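Please keep the sequence and the structure in view while reading.

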Amino acid sequence: MRSPYRSIVVLTGAGISAESGIKTFRAADGLWENHPVEEVATPEGFERNPPLVYEFYNQRRRQILSKEIKPNPAHTALAKFEHEFDGTFLLITQNIDNLHERAGSENLLHMHGEILKMRCRNSQLVFDIHEDLVFDTTCRCCRSAGNLRPHIVWFGEMPLHMNQINQALQQCDLFVAIGTSGNVYPASGFYQTAKIRSADTVELNLEPTGSTFDEHKYGQASVVVPAYFEGLLATVHAPQG
Ligand code: APR
C-alpha cells in the first residue's frame with residue numbers, strides 16, 4: 001500500500017524544542033523566561049523600554065547559539081521525512097529558534113519570525129544577526145542607529161507568510177500539529193482550515209490540549225514524532241500489491 005497522503009503540512013510549537021533545552025511559553029507562572037510577555041513581546045513594550053527588549057532577545061540569541069542547544073530526534077525525524085517523502089511537504093513553525101534548519105528541514109516557514117534576524121523599521125529589510133543588538137547598532141541599509149528591531153512577530157502583529165500557509169492548508173490531505181498548546185491565533189485555527197478539504201488531522205503533544213483533531217498521540221516529542229513519521233514513511237515505502 002502506498003501512503004494515501006500526497007500533501008502534508010506540519011505545524012510545530014515550543015514543545016518540539018523543549019527537549020533541546022528551550023523553555024515553552026505557557027508555564028504555570030505565565031512568564032516568558034521570567035518576563036511578563038507584555039514587557040518583551042508587544043510593540044508597546046518595545047516603545048516603552050527598548051533596551052530591556054533588546055537585551056531580552058540578545059539573551060535568547062546567545063542561548064540559541066550556545067553549544068548546549070541542539071536539534072533533538074523530533075527535529076531530525078521531520079527533516080528525514082521531508083527528504084524521503086515524494087509528495088508535497090511544508091513545515092510551519094511558531095518557533096523563533098533555528099533547530100529545524102539545523103536538523104536539515106528545507107521547506108520551512110517561520111510564522112513568528114526568527115531570533116537570528118533583525119529588521120529595519122524603515123525599509124522592512126531583514127538581515128542575519130548573530131551578535132548582540134543594541135539601540136545604537138547601525139542599520140545596514142539606512143546606515144542610521146535606532147531603526148533596527150528583532151525580526152519577531154509580537155502580540156498584536158500579523159504573523160508572516162499567511163497567504164502561503166492558508167493555501168497549503170487548504171490543499172493538504174494531512175495536517176499534523178506538534179508541541180503547540182493551540183492557545184495562539186491564527187495557528188490555533190489551522191486544523192479547521194485543513195478540514196475545509198477534509199484533511200486528516202493529527203496532534204502529537206505531551207498532553208491533551210482540548211483541540212478536536214482526528215487522532216492524538218501523547219508523549220515527549222523526541223519519542224512520538226520519530227515513531228509517527230517513521231510509520232508514515234513505512235507506508236510510503238511498502239511494496240505495492
Ligand atoms: N514534547 C511534546 N510536547 C511538549 C513537550 C515535549 N517534550 N514539552 C511541552 N510540550 C507541549 C506542552 O504540553 C504545550 O501543549 O508543548 C506545548 C507548548 O505550548 P506553548 O508553550 O503555548 O507554545 P506554543 O504553542 O508554541 O505557543 C505559541 O505563543 O507566546 C507565543 O509566539 C509565541 O510562538 C509562540 C506562540
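## Overall build

In this predicted model, buried residues account for 49% of the 241 residues in the protein. The accessible surface amounts to about 11600 Å², and carbon and sulfur atoms contribute 51% of that area.

The C-alpha atoms occupy a box of roughly 65 × 40 × 35 Å along the principal axes. A compact globule of 241 residues would have a radius of gyration near 18 Å, and the 19 Å of the protein agrees with this. The secondary structure consists of eight helices and 11 strands. Of the contacts between residues at least 6 apart in sequence, 65% connect residues at least 24 apart.

Strands of a sheet pair through backbone hydrogen bonds, in either a parallel or an antiparallel manner. Here, three strands make up an open sheet in the order E7-E6-E8, with antiparallel pairing. Strand E7 (126-128) and strand E8 (148-152) stand at the edges; each has a single partner strand, so one side of each lacks a neighbour in the sheet. On average, and with direction ignored, neighbouring strands of this sheet are turned by 45° against each other.

Strand E6 covers residues 113-120 and pairs with E8 over four bridges in the antiparallel sense. Gly113 stands opposite Ile152 in E8. Across E6 and E8 lies helix H3 (residues 50-65), which runs at about 135° to E6.

## A buried threonine

Is Thr201 buried or exposed? Its relative accessibility is 0%, and the limit for a buried residue is under 20%, so Thr201 counts as buried. The residue belongs to strand E10, which spans residues 200-205.

Which residues are in contact with Thr201, leaving aside its neighbours within four places in sequence? They are Phe175, Tyr191, Ala194, Lys195, Phe213, Asp214 and Glu215.

Side chains of opposite charge can pair when their charged atoms come close. A search of the whole structure identifies nine salt bridges. One of them joins the side chains of Asp86 and Arg6, with an N to O distance of 3.3 Å. Asp86 is in the loop between helix H4 (73-84) and strand E4 (88-93), while Arg6 is in the segment before strand E1 (7-12), so this pair ties together parts that are 80 residues apart in sequence. Asp86 is partly exposed, with a relative accessible area of 45%, and Arg6 is also partly exposed, at 39% relative accessibility.

Arg62 and Asp132 form another salt bridge through their side chains, at 2.9 Å from N to O. Arg62 belongs to helix H3 and Asp132 to the loop between E7 and E8; the pair therefore ties together parts that are 70 residues apart in sequence. Both residues count as partly exposed: Arg62 has a relative accessible area of 41%, and Asp132 has a relative accessibility of 35%. Glu55, Arg62 and Asp132 are linked in a network of salt bridges.

Glu84 is partly exposed at 36% relative accessibility, and Lys80 is partly exposed at 41%.

Definitions and conventions
Residues numbered from 1 in each chain as written. Heavy atoms only, no water. Pairing = 2+ DSSP bridges. Helix = DSSP H or I, 4+ residues; strand = E, 2+ residues; numbered from the N terminus. Axes fitted to C-alpha atoms, helices over the stretch in contact; angles between N-to-C directions. Contact = heavy atoms within 4.5 Å. Rg over C-alpha atoms; globule rule 2.2 N^0.38 Å. Buried < 20%, exposed > 50% of the residue type's maximum accessible area, 1.4 Å probe, protein only. Areas by Shrake-Rupley, 256 points an atom, 1.4 Å probe, with all protein chains shown as cover. Salt bridge = Lys/Arg side-chain N within 4 Å of Asp/Glu carboxyl O.
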